[in-house]
Amino acid sequence: MLWLLWPVLLVLAVFFAAFGYFVADSFLHQIPGTAMMAGPVSLENYRTILGSVLVQRIFVGTLWISCKITLAATLLGYPLAYLLARTASARVRQAILFLLVVTFLSGGITRAYAWMILLGNNGPINRSLRDFGYPPLALLNNETGVLISLVHFVIPFFVLTLFGTIKNIPMALEEAARNLGGRRWRAFTSVTLPLSLPGLVSAMLLTFTVTVSSFLFPLLLGGGRVQMAANLIYDKMENSFDMPVAATISILFLLVSLVPLSAFSLLRMGLGRRFGGTRR
Amino acid sequence: MNSRRGRPVNSRPYALAVPAMAAIISAFLALPVVVIVYYAFSPSGLMVFPPKALTLHWFVNFFASGRFRGALINSLLIAALVTPASLGIAVPTAIALVRRDFAGRGALNALILSPLIIPGVVSGVAFLNFFTWTGVTSGFWRIAIAMMCFTLPFAVRALVATLHGLDGALEEAGRNLGARPWQAFLAITLPQLYPGLLAGGIFVFVEAIDNFSIAVFLTDLRTTTLPVEAYGYIRDFDDPTIAALATILIAQSLILVFILQRFVGMDRFLDLRR
Amino acid sequence: MGYVGRDDAPAGSTRPAPALELEGLEKQFGTMRAIDGVSLSIPPSSILALLGPSGCGKTTILRSIAGFVELDKGTIKLGGRDVTKLAPEQRGTAMVFQNYALFPHMTVADNVAFGLKMRRIGRAERARRVADALALVQLGPLAGRYPGELSGGQQQRTALARAVVTQPDLLLLDEPFGALDQNLREALQIELRKLQQRLGLATVIVTHDQQEAMILADQVAVMRAGTVEQLAPPAVVYDRPATRFVARFMGIDNILDGELDGDAVRLGPYRLSMPPGQRGVRGDRKATIAVRAEAIGLADPADGWPGQIAYATNLGGRVLYEVAVEGLGTLKVDVPRAPGYARRAVGEAVGVRLDHQSCTLLRD
């Protein structure tokens, strides 16, 4: 038994040892002007960080942006997932899947850079606007750019997670609803939508997780004006190499982000229990 | 518009709304990919349409640059190291999780998957701190070890899903026909794990190549990776060299999708993601 | 061990060791006693059916014989050899799994060859034996197919060929016909019986289908809650069920409670004399009788126990009546229906006649 598990236990030991050191160091202090740390052990970092208006604003802002993006991904992703699950045309299905998976596997740096080019002052969008005599739009180096690019980044996660659940809802249920006199929209809202809730919550959970920890997109497309929690941590390391403070912010942020995540998880568990029997 | 009341149940507007939206969203998905590939071949740093000429200049620039060549080699080496290691650890883990019953199985599963919900930057700083304490100064090994921890959940997930789909009686049938436990594993279970190995391997490989938020903390003066180097380049220069890199990564993604379609099938692959 | 010497039959005895001997098997899963003290043996070349509803422990017994279940107590002997502690691959049993467990990534021929490969049988002999086994189940032309490309019946025959090709000491069949439709099932059951007799292969089959047990088995062990309720040849189990449970399981509709009265049983106002061997099997004065609906006849009211037709159901070749018998309750009566047969109307007065030869006194 144990011989099957010792490799993974070793990896987990490294991972959690790293976090153990990390937590321990959040109680120390940087020796000014160096990258070294020293005691005494205290909760002072936590007091300072929790009292910092800047940190509070960034934490709240990060959660708020994540909510907006999760909502946008839901509105855009649900129809796509629905079509993907229900289309009779294998070719349409294959094409959309292909697009999603290629986008998904092409990675973050590719897409962040692509949106930088697309949304930039000299990018195709603003050039076209100018050619037609309109003033250019400020799409880059602000929240708009971060939102657009992040929504694009998370849609494959969202759709690929939700699609399976919708596919597993028997077509016959929707047909039964229509046979009983419901219009297409009613059949959807009273049968398909509720039954897809477990998958929908899973997809939103994943989207939120990915967004809340986003770092590269605000870094490249925010132009320093959009600070998310990850960027704050990065700046603390980059500018002052203050490990104890970075550790404190990291741990607090991890705790803050776990609150909505656990709420989502509990919701999904509840839904899973309720719809467990009909899902497959 | 005045014949609304007589509309049949299976009305055109409804029937068309979803596909129309899907088409628009698909276009939104494809847009950056198309634009960046086009940009990579455009002669000036400006996007002009229709193109006056196409050029491979930015690809040449990419491969000629010493910083990118080193980063490319590092990224590939790390991915080539992490992918088999991750799968090699994930196979026995998945077998224990699916086929054995032991106390704390659910908890172990949750622990293994936990790196997925920890923001990359947090893991990155934590690893940097850990490696500073333990004296691991080589950027290569720091990134490789961190990637190992971070990609393992992808591999375990894919293999657990594959194993769940396998009939446990198959291995018993092998034992009944005279195979020792390891023979039954090698001859019967392992060959059927290949969809999980391939899908899990692709996730791990792509993540190991593409990861930025952890790797950016762990590089050293001699060792960087492609995304970290690309970020540095974007900060300093404004030309399509990174578009050439992006195009290469898109090509890689196309190849991987082709492999998946050929050997696993797209539907199967998607089932293995969860 | 309390029974040293049992393994070695006394000198001069010519009786061969039983193909399978189970001695005091016990197995508990959590709080459930899956096997609760089972002992039985089967002679060489014969088929034993473990028959019972799901959850009665029959599959657990089969899996413990194959070595997939570790017993809490008891010994298992194959041909006199104690295999209780051996690993599955060392036992020399061959099993046909419930859903066949064919290796999906191997062809039919490779599936059949697997056991021979594991036994390190040379290439030439392997090929010959695989071809023989496939010919035996008429699958020769499909040797190169993959399991996914076979019909249900073909898959079942592949699994059978894969099992018998190893020349096992004991063949184990776990609901081997469960996944097949009715017509195919019967044909394959008869085919399997012939094959088993030709090969002289001792066999244990697990099934919940009493008809399957009738067709295939030399001995039937009817199981309930981890114990053997009755062990007997199929005809005996069918005609003379030992207990209420077996009677119900064998599809006997009429189970009547009465009292012993000398050589007879008193059922309400009626007296039924019992044949020899059917008297007083229980210690007390109570008596329970099982009688098949087919063994009851209908006559004029004066010629039997008086009753009234309460309901009639057409079963094609037969008619099933529910008859309310005065002072006794409702009996089910199954009457053959020849062309021109006039069905009795509901409410019609009839006389019910029981053939005492076909009544069985139950143990509980």
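Biologist: Where does B:V98 sit?
Modeller: Helix α3 (residues 66-99) of chain B holds B:V98. Helices here are DSSP runs of H or I with at least four residues, strands are E runs of at least two, and both are numbered from the N terminus. The model is predicted: local features need pLDDT of at least 70, side-chain atom pairs need pLDDT 80 or more, and totals for chains, interfaces and linings use all residues. Residues are numbered from 1 along each chain as its sequence is written, with chains lettered from A and ligands numbered from 1 in the order in which they are written.

Biologist: Which residues does B:V98 contact, beyond its neighbours within four places in sequence?
Modeller: A contact means that two C-beta atoms, placed from the backbone, lie within 7 Å. With those neighbours left aside, B:V98 touches B:V160, B:L163 and B:H164. B:L163 is 65 residues away from B:V98 along the chain, yet their C-alpha atoms are separated by 6.8 Å.

Biologist: Now the chains. Which pair has the most contacts?
Modeller: 2 pairs of chains touch, and A with B has the most contacts. Chain B brings 67 residues to that contact and chain A brings 69 residues. On the chain B side, helix α1 (residues 12-40) gives the most, with 16 residues. That side has 56 nonpolar, 6 polar and 5 charged residues. For the classes, Ala, Val, Leu, Ile, Met, Phe, Trp, Tyr, Cys and Pro are nonpolar, Asp, Glu, Lys and Arg are charged, and the others, Gly among them, are polar.

Biologist: How many residues do chains B and C put into their contact?
Modeller: Chain B uses 16 residues and chain C uses 18 residues. The chain B elements that give two or more residues are α7 (168-176) and α8 (181-192). α7(B) gives the most, with 7 residues. The chain B side divides into 7 nonpolar, 5 polar and 4 charged residues. Chains A and C do not touch, and their nearest C-alpha atoms are 17 Å apart.

Biologist: What does chain C look like by itself?
Modeller: Chain C has 8 helices and 20 strands. Its C-alpha atoms fill a box of roughly 80 × 55 × 45 Å along the principal axes. Of its 364 residues, 38% are buried. Among contacts in chain C with a separation of 6 or more, 65% join residues 24 or more positions apart.

Biologist: Back to A and B. At what angle do α4(A) and α12(B) pack?
Modeller: Helix α4 (residues 90-105) of chain A and helix α12 (residues 241-263) of chain B pack at about 130°, with axes 8 Å apart. Under 35 degrees is roughly parallel, over 145 roughly antiparallel, 65 to 115 roughly perpendicular, and the rest oblique. α4(A) and α12(B) are therefore oblique.

Biologist: Which residues meet there?
Modeller: From α4(A) come A:F98, A:V101, A:V102 and A:L105; from α12(B) come B:S253, B:L254, B:L256 and B:V257. That gives 7 nonpolar, 1 polar and no charged residues. Residues three or four places apart in an α-helix point the same way, because there are 3.6 residues a turn.

Biologist: What does α4(A) do with α7(A)?
Modeller: The axes of α4(A) and helix α7 (residues 143-168) of chain A come within 9 Å and cross at roughly 130°. That makes this pair oblique too. A:L100, A:T103 and A:F104 of α4(A) meet A:P156, A:V159 and A:L160 of α7(A). The contact has 5 nonpolar, 1 polar and no charged residues.

Biologist: Last, phi. What is the phi of A:F241?
Modeller: Most residues other than glycine have a negative phi. A:F241 is not a glycine, yet its phi is positive, about 45°. A:F241 lies in the loop between α11 (229-240) and α12 (243-279) of chain A. C:E175 also has a positive phi, near 40°. The place of C:E175 is the loop between β7 (170-174) and α5 (182-199) of chain C. With 20 C-beta neighbours inside 10 Å, C:E175 is buried, whereas A:F241, with 14 others within 10 Å, is partly exposed.

Notes. Axes fitted to C-alpha atoms, helices over the stretch in contact; angles between N-to-C directions. Buried ≥ 20, exposed ≤ 12 C-beta atoms within 10 Å, placed from the backbone.
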